[in-house]
Amino acid sequence: MLELNEIRAGYGPTLVLHGVTLPVARVVAVLGHNGAGKSTLLRVAIGLIKPRSGQVVFDGEDVTSLPPNKRVARGMAYVPQGQQSFPQLTTMENLQLVADGRKRGKSLIEQQLSRFPALEKFATRKAGLLSGGQRQQLAIARALITEPKMLILDEPTEGIQPTIVAEIEHTVMQLASEGLSVLLVEQHIGFALEAAEKYLVLASGFAASTGDGGASAAEGVREAMAI
Ligand SMILES: Nc1ncnc2c1ncn2[C@@H]1O[C@H](COP(=O)(O)OP(=O)(O)OP(=O)(O)O)[C@@H](O)[C@H]1O
């Protein structure tokens, strides 16, 4: 499990996170308005930003000074915002890029193709021609090929057709039920709280509220976000 303790971090001279501590649980949702610092917190978690102070602990090991590739080797996987993949490569080539060199590479790809039938259907289509939802599935599949213990997801339903949002939500719930740890940034409060054991509301880089997930938390979350 992941611990983020008293994280202070930002960009250049600007401090964005002012001593944020993440609740510890297997599935944690981070909520908050645009610009609250959610993505910044995830970048600190995976090691793309080094915190000015505070500690990142993964499975009991202090990984604060480890670069992202070493965190991935320890079982963390990160899916950034924006359904990123290589648009000129096919679905299959995108998967192969991650699978190449892995012992069970072929069977890991097969697992993901059976998890995501749309990817199997469009295996030879260039990723740039997939729908937003399919590109998101591809991004998640690429992350899963690394056989992570924990998946860090930045707004997986953002910019996706409402009809496909439910599919992505189902995938996240399924992964959580399979035992994967998940750190999820999400705008859909209902889904985030359904999936999460604990939540954190960020407001202007401060922890405004934390608590247990579940539908009954929605009112408190909305109050903390002052919606
Ligand atoms: N690469 C960067 N360089 C400088 N400032 C940045 C950078 N990325 C984000 N920021 C700033 O940091 C603050 C927090 O941004 P962040 O993306 O973490 O917020 P967020 O809660 O994830 O919002 P959103 O939902 O819009 O992604 C914002 O003021 C943003 O302008």
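I count two strands as paired if DSSP finds at least two bridges between them. I take helices (H or I, at least four residues) and strands (E, at least two) as DSSP runs, numbered from the N terminus.

**Entry 1: basis.** I am reading a predicted model, in which local features need pLDDT of at least 70, side-chain atom pairs count only at pLDDT 80 or more, and totals for chains, interfaces and linings use all residues. I number residues from 1 along each chain as its sequence is written.

**Entry 2: the open sheet.** I looked up strand S3 (residues 27-31) and found it joined to strand S8 (residues 181-185) by 4 bridges, the two running parallel. Val30 stands opposite Val185 in S8. I then traced the open sheet, which 6 strands form in the order S6-S7-S8-S3-S9-S10, with mixed pairing. At its edges I noted strand S6 (76-79) and strand S10 (206-212), each of which pairs on one side only. From one strand to the next the twist averages 15°.

**Entry 3: S1, S4 and S5.** I found strand S1 (residues 2-11) running antiparallel to strand S4 (residues 53-58), with 5 bridges between them. Leu2 stands opposite Phe58 in S4. Phe58 also stands opposite Glu61 in S5. S4 pairs with strand S5 (residues 61-62) over 2 bridges, in the antiparallel sense. In the hairpin of S4 and S5 I counted 2 residues between the strands, and Asp59 takes a positive phi near 50°.

Entry 4: I count Ala, Val, Leu, Ile, Met, Phe, Trp, Tyr, Cys and Pro as nonpolar, Asp, Glu, Lys and Arg as charged, and the others, Gly among them, as polar.

**Entry 5: H6 and H7.** I looked up helix H6 (residues 132-145) and helix H7 (residues 162-177), which pack at an angle of about 15° with their axes 10 Å apart. The axes are lines fitted to C-alpha atoms over the stretch in contact, and angles run from 0 to 180 degrees between N-to-C directions. H6 and H7 are therefore roughly parallel to each other (angles under 35 degrees). Gly133, Gln136 and Ile140 in H6 meet Ile164, Glu167, Ile168 and Thr171 in H7 (C-beta atoms, placed from the backbone, within 7 Å). The contact of H6 with H7 has 3 nonpolar, 3 polar and 1 charged residues.

How values were computed:
Parallel < 35°, antiparallel > 145°, perpendicular 65-115°, else oblique. Contact = placed C-beta atoms within 7 Å.
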